[in-house]
Amino acid sequence: MASLTIKNAVKRYGNVEVLKGVDIDLEDGEFLVLLGASGCGKSTLLNMIAGLETVTEGEISIGDRVINDVHPKDRDIAMVFQSYALYPNMTVGKNIAFGLEMRGVPKPEREAAVFEVAKMLQMDHLLDRKPSQLSGGQRQRVAMGRALVRRPEVFLFDEPLSNLDAKLRLEMRTEIKRLHKRLNATMVYVTHDQIEALTLADRIAILKDGEVQQLASPAEIYDLPVNMFVAGLVGSPPMNFIATKVSRTEKGFGAEIYVRAHGAEHPILLDLTDHSTSVAPFVGRDIVIGLRPEAITQAGVGSVETQSFASEVDVTEATGADTLCILNWNGKEVMARVSSGYAQIIEGTMEFAVDMSRASLFDPDTETRLD
Amino acid sequence: MSNSTTFVPAQNRSVLWMRLLLWTILLLFAIWFLLPAYVVVGTSLKDLAEIRGGSLLALPHELNFTAWRHAWSEACIGVTCTGLEPYFWNSVTMALPAVTLSTLLGALTGYALTKWQFKGANLVFALILFGCFVPFQVVILPMAQTLGLIGITNTVYGLILVHTVYGLAFTTLFFRNYYVTIPDELVRAATIDGAGFFTIFRRIILPLSPPIIVVSVIWQFTQIWNDFLFGASFTTGGAQPITVAMNNLVNTTTGVKQYNVDMAAALITAAPTLFVYIVAGRYFVRGLTAGSVKG
């Protein structure tokens, strides 16, 4: 097992810069998720680590070895592809053994290794089948087996779950997590699914237009997003953004918003005293308050610190455990997360508690976090 | 025909009449198109007296294979009277290596053009494609010079070279278009697994290729076996392929025109291509349409 270091990696196709200097330092045994929309460069970066794309500028190393010009097969990596890329003409056993065969591992050893991996993935009964005779989930397992059997330093996953149905995806997600725990291997995982990223990663790197926006633990990404892009990308439903102005109050600082309740707009002063240091220079200026839906909930259950006021519920969406209430603040939709037992009795206007200590504040011009 | 009509007796009759009409028309067309084949086969089985005496369409009185034997081993081609046999084997020794070589090289080129995309790969492909539109006649002179330079004029080897080179444009087109439907990730996975250019070709790409190999083999075999121009231009005498020899056989007349021998010679010449179509024909269409439907 080994660490993975990416130093100022740049990728250019002609004049188009796909990656603009990416720096990522991965410790031995860490699980990194590259998260971003399509076209952000995450797959390009993964292919550069794999050696399937050249590195235009910068340096990628595994352990202390720079691998920029090392052939993929000598990098000691394994990759799981989105389409699984199983060799259709070979049986499952031969698929898994192919990498070992290419490295000249003798047949008895190969067979033992294949069997061990197949047992670990509970597919030892499938070894003689062809990929076309397998279900999607089974194919996925074979693809994982093919990566596992070589015991590489670094595992690379390119959206491996996106071709599976929802239920299987959950199962395989847990499986990958379990595998990581068991092997304690360094893994890089590309996805556009933020829930996959949050559940799997030790650290998440969020990419946009070839640049890393934030590289941090899932909790930090979720609670302290560095800019409005990250805040909007991670979390479902996404964070509410409320555009407003900072003002001075007798307690400290506040921001006035207009909340519709009982059929009329009422001015409400959101308390920003918790964020005094960051908002002080912004008095009288525009600001964006980012509130996760769970920071706005039914009044009467939160801590004493929370602020509560009445707001009219436009629409409710039951999600099972919680119900989402769509409110109208400053003329815009705002989503609140309310426990479902409570939401069933509400109609029209009800009391909401807002936990302003969990708010993220952004500069509307630069869209970056105020800290 | 819609299914609902079968439940209504009154409409049943009209449907039946329509069917009968359709079948009659189809039968007439079938007879029309089969007629030449029938005349050739029938005539080849008659003796000269019968040909002169009877109608063109009359059935032969008996199955008389004398003309076939004559065409195969006795008929005079120019001044040598060996029948078509040696020329048949000339064609076999020309067609088999030429088909194999052009198919293999086409597969390799198609593979390189799709799975190892280099800068300008599409331009190279366009240029190769251009080769499909170059008529035979255009390359005859430069080809004759080249063959002379290498020193294989008037040999079967010369024809093998000519057909391999000329066929490359077509086989490359077939394989290239087939291989674009094979996912690139297969090659990427195999690269990471440690396989190189030729190993991936041999172990992963070729095993996926039988449908298109059949197409290429049928196409190339038909082209090469049936070729007359290159054979007539680059060979004389003993090195001629069967098509040229058959032409000479028909043109060599001593006294009476032996229609039955000519017909038998034509059928002998056409037999191998017919055989290839009958054996592999159903894979032909399958191969041509393979990959066009997902799944």
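Predicted model: local features only at pLDDT ≥ 70, side-chain atom pairs only at ≥ 80, totals over all residues.
Residues are numbered from 1 along each chain as its sequence is written, and chains are lettered from A, with ligands numbered from 1, in the order in which they are written.

Of the 371 residues in chain A, 42% are buried; a residue is called buried if 20 or more other C-beta atoms lie within 10 Å of its own, exposed if 12 or fewer do, and partly exposed in between, with C-beta atoms placed from the backbone. Among contacts in chain A with a separation of 6 or more, 65% link residues 24 or more positions apart. Two residues are taken to be in contact if their C-beta atoms, placed from the backbone, lie within 7 Å.

Chain A is divided into domain 1 (4-233) and domain 2 (240-362), with bounds that come from an automatic or database domain assignment. The C-alpha centres of these two domains of chain A are 40 Å apart. Five residues from domain 1 of chain A and five residues from domain 2 of chain A take part in the contact. On the side of domain 1 of chain A, four of the residues are nonpolar, one is polar and none is charged. In this classification Ala, Val, Leu, Ile, Met, Phe, Trp, Tyr, Cys and Pro count as nonpolar, Asp, Glu, Lys and Arg as charged, and the others, Gly among them, as polar.

An open sheet of chain A is built from four strands in the order 2-1-4-5, with antiparallel pairing. Its edges are strand 2 (16-26) and strand 5 (65-66) of chain A, each of which pairs on one side only. Strands count as paired if DSSP finds at least two bridges between them. Strand 1 (residues 4-13) and strand 4 (residues 57-62) of chain A run antiparallel and are joined by five bridges. Within this sheet, Val10(A) stands opposite Glu57(A) of strand 4 of chain A.

Ser236(A) and Pro237(A) are joined by a cis peptide bond, with omega about -5°. Pro237(A) sits in the loop between helix 8 (228-233) and strand 11 (240-248) of chain A. His262(A), a residue other than glycine, has a positive phi near 50°. The loop that holds His262(A) lies between strand 12 (253-261) and strand 13 (264-271) of chain A. With 10 other C-beta atoms within 10 Å, His262(A) is exposed. Asn330(A), again not a glycine, has a positive phi near 55°. This residue, Asn330(A), is found in the loop between strand 17 (322-329) and strand 18 (332-339) of chain A. Asn330(A) is partly exposed, with 14 C-beta neighbours inside 10 Å.

Chain B is divided into domain 1 (1-41) and domain 2 (85-289). The centres of these domains of chain B, taken over C-alpha atoms, are separated by 39 Å. Helix 10 (residues 210-226) of chain B has 17 residues and reaches 24 Å from its first C-alpha to its last, close to the 24 Å expected at 1.5 Å a residue; the expected span is 1.5 Å times one less than the number of residues. Because 12 of its 17 residues are buried, helix 10 of chain B is largely enclosed by the rest of the structure. The buried residues of this helix include Ile212(B), Trp219(B), Phe221(B) and Trp225(B).

The two chains meet in a contact that takes 13 residues from chain B and 17 residues from chain A. Helix 8 (residues 184-193) of chain B provides seven residues, the largest share of the chain B side. By class, that side has eight nonpolar, two polar and three charged residues.

The largest nonpolar core has 146 residues, and Leu34(A) and Leu156(A) have the most contacts inside it. A nonpolar core is a set of buried Ala, Val, Leu, Ile, Met, Phe, Trp, Tyr and Cys residues joined through C-beta atoms within 7 Å. Helix 7 (residues 156-179) of chain B gives the largest share of this core, 11 residues. Apart from this core lies another, of 16 residues, among them Ile77(B) and Val261(B).

Key. Helix = DSSP H or I, 4+ residues; strand = E, 2+ residues; numbered from the N terminus.
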